[in-house]
Amino acid sequence: MNIQIFGKAKCFDTKKAERYFKERRIKFQSIDLKKYGMSPKEFDSVLRAVGGIDYLIDWDSKAPDVTLMKYMEDKRAKEDKVFDDPTLMKTPVVRNGKQATVGYCPDIWAAWE
């Protein structure tokens, strides 16, 4: 397994995901979304794996950009906005090759083992 955890430093679910993999002695790479973001290929891979941009956006965020995106019709514009500002993503984003999850999903991760 090649696990990558994209998250925010102060995100409780990101810390829970890291703890999940540590407890099972599964090596992972932790990446700070605010600091490093995702490469274009990683972003596209995650979009395909999770089912589209609407599953990647943190709709509960208080950011004004999220409120505006609720009314945007153009998917490509949403994708560009989230790619440029990765803090709009729901975290953690956990990747295992071409598979990915958004949020805390231990049931899915267990199937990867």
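Visitor: What makes E1 and E3 count as paired strands?

Guide: E1 and E3 are joined by four bridges, in the antiparallel sense. Pairing needs at least two bridges, so these strands qualify. One of the contacts links Ile-3 with its bridge partner in E3, Asn-96. Keep in mind that this is a predicted model.

Visitor: How many bridges join E3 to E4?

Guide: Four bridges, and the two strands run antiparallel. Against the cut-off of at least two, E3 and E4 therefore pair. Val-93 stands opposite Val-102 in E4. E3 and E4 form a hairpin, with two residues between them. In the turn, Gly-97 has a positive phi of about 65°.

Visitor: Which way do the residues of E3 point?

Guide: Val-93 and Arg-95 point one way, while Val-94 and Asn-96 point the other way.

Visitor: How do you know that the length of H1 agrees with its number of residues?

Guide: Helix H1 covers residues 12–23, which is 12 residues. At 1.5 Å a residue, the helix should span 16 Å. The C-alpha atoms at its ends are 16 Å apart, so the two values agree.

Visitor: Which residues of H1 are buried?

Guide: Thr-14, Ala-17, Glu-18, Tyr-20 and Phe-21. Each is therefore under 20% relative accessible area. Seen down the axis of H1, the buried residues fall within an arc of 155°, so they line one face of the helix. They pack against strands E1 (3–7), E2 (28–32) and E3 (93–96), and against helix H7 (106–112). The face of H1 turned away from the buried side carries the exposed residues Phe-12, Lys-22 and Glu-23.

Visitor: Why is Arg-25 called exposed?

Guide: Its relative accessible area is 80%. Exposed means over 50%, so Arg-25 clears the cut-off. Arg-25 is found in the loop between H1 and E2. Its phi is positive, about 55°, although Arg-25 is not a glycine.

Visitor: And why is Lys-34 called exposed?

Guide: Lys-34 has a relative accessible area of 59%. That too is over 50%, so the term applies. Lys-34 lies in helix H2 (residues 33–36). Its C-alpha atom is separated by 8.5 Å from that of Ala-9, 25 residues apart along the chain.

Visitor: Which residues have the most contacts inside the largest nonpolar core?

Guide: Met-38, Phe-43, Leu-56, Val-82, Met-89 and Val-93, in a core of 19 residues. Helices H3 (40–50), H4 (53–56) and H5 (64–69) and strand E4 (99–102) each supply at least two residues of this core. H3 gives the most, with four. A second, separate core of 10 residues includes Ile-3, Ile-5, Cys-105 and Trp-112.

Visitor: What does Phe-43 touch?

Guide: Leaving out residues up to four places away in sequence, Phe-43 touches Met-38, Ile-53, Leu-56, Glu-79, Val-82, Phe-83 and Met-89. A contact means heavy atoms within 4.5 Å, so each of these residues meets that limit with Phe-43.

Visitor: What covers the buried residues of H3?

Guide: The cover includes E1, H4, H6, E3 and E4. The buried residues themselves are Glu-42, Phe-43, Ser-45, Val-46, Leu-47 and Val-50. H3 is followed by Gly-51, whose phi is positive, near 100°.

Visitor: How many helices and strands does the protein have?

Guide: Seven helices and four strands. Read along the sequence, the pattern is β-α-β-α-α-α-α-α-β-β-α.

Visitor: How do you know how compact the protein is?

Guide: The radius of gyration is 14 Å. The globule rule gives 13 Å for 113 residues. The values are close, so the protein is as compact as a globular protein of that length. Its C-alpha atoms fill a box of roughly 40 × 25 × 25 Å along the principal axes. Of the 113 residues, 43% count as buried.

Visitor: What share of the contacts comes from residues 24 or more positions apart?

Guide: Among contacts with a separation of 6 or more, such residues account for 63%.

Technical notes:
Residues numbered from 1 in each chain as written. Predicted model: local features only at pLDDT ≥ 70, side-chain atom pairs only at ≥ 80, totals over all residues. Heavy atoms only, no water. Expected span 1.5 Å × (residues − 1). Buried < 20%, exposed > 50% of the residue type's maximum accessible area, 1.4 Å probe, protein only. Arc of directions from axis to C-beta. Core = buried A, V, L, I, M, F, W, Y, C linked by side-chain atoms within 4.5 Å. Rg over C-alpha atoms; globule rule 2.2 N^0.38 Å.
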